[in-house]
Amino acid sequence: QRPLRRLLSCPGTVAADLRREEQSSGSAETGSEDRTPKKRFSEVQNERREQAQRTVLIHCPDKINEKKFLKFLSQHGPINSHFFYESFGLYAAVEFCQKESVTSLQNITRTPSLGPEAAIPFKSRYLNLKLRNSLNQTSELSSIQCSNQSSPSSKKLYQLLCCAESVDDQLNTLLREFQLTEENTRLRYLTCSLIEDVAAAYFPDCAVRPFGSSVNSFGKLGCDLDMFLDLDEIGKFTAQKTSGNFLMEFQVKNVPSERVATQKILSVIGECLDQFGPGCVGVQRILNARCPLVRFSHQASGFQCDLTTNNRIALKSSELLYMYGALDSRVRALVFSVRCWARAHSLTSSIPGAWITNFSLTMMVIFFLQRRSPPILPTLDYLKTLAELLLKEFFEYFGNFAFNKNSINIRQGREQNKPESSPLHIQNPFETSLNVSKNVSQSQLQKFVDLARESAWILHQEGKDRPSPSSNQPWGLAALLLPSVANNMSLSKKKKKPASERIKNLLDSIKSSGAENSTATNGR
Ligand code: GTP
Ligand code: MG
């Protein structure tokens, strides 16, 4: 067992430890085909960013000859990888081996003449491929294999879940189906890289880095793309040290506060994306929010993007979650299932409001894992035997949590008295005076607790009367995700509280009798 404190104090070492552990024991031992991260966070970020810089995004005609297309591009240098996908048309992301190839390709690319309309010239890496003699080529055109960028339909998900062998298997299936694919991850880094090209018009040497669920290993296909305009490279602290009596400083414009600086920077970048950014539509500048941001859709990739700046802490949070996710695939499987469960019951929403956010939910899962006995994220083998139980016990844990008086503290892995009266209090691990779930209302929290109890109950029943796979009846996780659970809940809305209390009491009594026999696991 690995004490959590050690984890937090030297993240790089832990990631490396894990990698060694995986290598020596053979990753097949974990028995799951997911993409649990094994590399250091900064390593991944740097590699992916560099890869994105060697990549171009090409809007293609609906049918093309793949071989000829690649041959045409490889005149500019060898191609390392490529994939096609569909998003209002056919697109190709093509990664060259060398950055110079991109410049070479840009040099033979022209700015279109659009008849009566006028084009604002901008040499980006987002290109348009046209066929010169489409008539002559028709016979050689073929349909292209496209990589999928969206999550499975509910129908397909239920089918997959119902065919699984155990709840453990269901959790892993859900993870496998929803986690970001290699191609989707590349597309996220590429989109950031394309936005960086636009921002570099104002701030040469800036970096646009993805953060949040796109990189913290808890991202679901279709999740938004959070990006962060990093100006630290240009910032005052990075200059090389000089000796002697003289000190050089840049002449700059001063503004009253960091917040005003952030607003001004985002304001011009937002304007720039709106006016000149190829493929950026619906640009909104939300500068008075607690964390000012520019929101837009990147049409070619299909991502909803949130661009912020001066937001290093968010990048740190992403790294922290990434580390937790790297410990074992079960951590991610649990987080994915809890997130999907919350989404299925409208506990979370893509619209901001009084609901619990995915970020808060993830923190709750981590806290729950810290509070288990043994009180830390345990060894791989131990987690493996627990995987199935964890989901049920997660619901039980928070179904019984004293939200009225206690706050969740991930930094110390313990509950503590709430410093203020918000219904849900989760201390921000980096800015400890802040509550990451300040927005959550009492009624939303109550809904969460009621659903958690109901779901614990369903999982408790599961195993006793599981339907046969051929009946296609939802069971286990599939039953938890069915909207009908929510409907049943809302039908019993009037007596909601007693129902919820009743379930809690039932579970408590079963648990205490189970403890006497010390076999609360149904032997699974
Ligand atoms: P999705 O719902 O899949 O987008 O999850 P997400 O983790 O990307 O959440 P979201 O897009 O809402 O926020 C992006 C990142 O911002 C999170 O991963 C956190 O790092 C950070 N973040 C979000 N909400 C808060 C908050 O209330 N406080 C702090 N300190 N950081 C937050
Ligand atoms: Mg996000």
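Donors are N, O and S atoms within 2.8 Å of the metal (3.2 Å for Na, K and Ca), and sites may look incomplete because water is not among the atoms. This is a predicted model, in which local features need pLDDT of at least 70 and side-chain atom pairs count only at pLDDT 80 or more, while totals for chains, interfaces and linings use all residues. Residues are numbered from 1 along each chain as its sequence is written, chains are lettered from A and ligands numbered from 1 in the order in which they are written, and side-chain values use heavy atoms, with hydrogens and water left out.

**View 1. Protein donors of the magnesium ion (ligand 2).** Asp224 (OD) and Asp226 (OD) are the protein donors of this ion, lying 2.1 Å from it. Asp224 is partly exposed, with a relative accessible area of 28%, whereas Asp226 counts as buried at 14%; buried means under 20% relative accessible area, exposed over 50%, and partly exposed in between (1.4 Å probe, protein chains only).

**View 2. An open sheet of five strands.** The strand order is S5-S6-S9-S8-S7, with mixed pairing, where strands (E, at least two residues) and helices (H or I, at least four) are DSSP runs numbered from the N terminus, and two strands pair if DSSP finds at least two bridges between them. Strand S5 (207-211) and strand S7 (280-286) are the edge strands, each pairing on one side only. S5 pairs with strand S6 (residues 225-230) in the antiparallel sense over five bridges, and Ala207 has Asp230 in S6 as its bridge partner. Helix H11 (residues 312-327) lies across S5 and S6, running at about 45° to S5; contact means heavy atoms within 4.5 Å, and axes are lines fitted to C-alpha atoms, for helices over the stretch in contact, with angles from 0 to 180 degrees between N-to-C directions.

**View 3. Two loop residues with positive phi.** Most residues other than glycine have a negative phi. Phe88, in the loop between strand S2 (79-86) and strand S3 (90-96), has a phi near 50° and is exposed, with a relative accessible area of 78%. Asn310, in the loop between strand S9 (303-309) and H11, has a phi near 55° and counts as partly exposed at 47% relative accessibility.

**View 4. The second largest cavity.** This cavity holds about 80 Å³ of space, and its lining includes Arg48, His82, Glu95 and Tyr189. Helix H3 (41-53), S2, S3 and helix H9 (182-199) each supply at least two residues of the lining. On a 1 Å grid over the protein atoms alone, a cavity is a set of points where a 1.4 Å probe fits but cannot get out, and lining residues have an atom within 4 Å of a point; grid points are joined across faces, edges and corners, and a volume is the space filled by probe spheres set on the points.

Technical notes:
1 Å grid on protein atoms, 1.4 Å probe; cavity = no way out; pocket = protein on both sides within 12 Å on 5 of 7 lines; lining within 4 Å.
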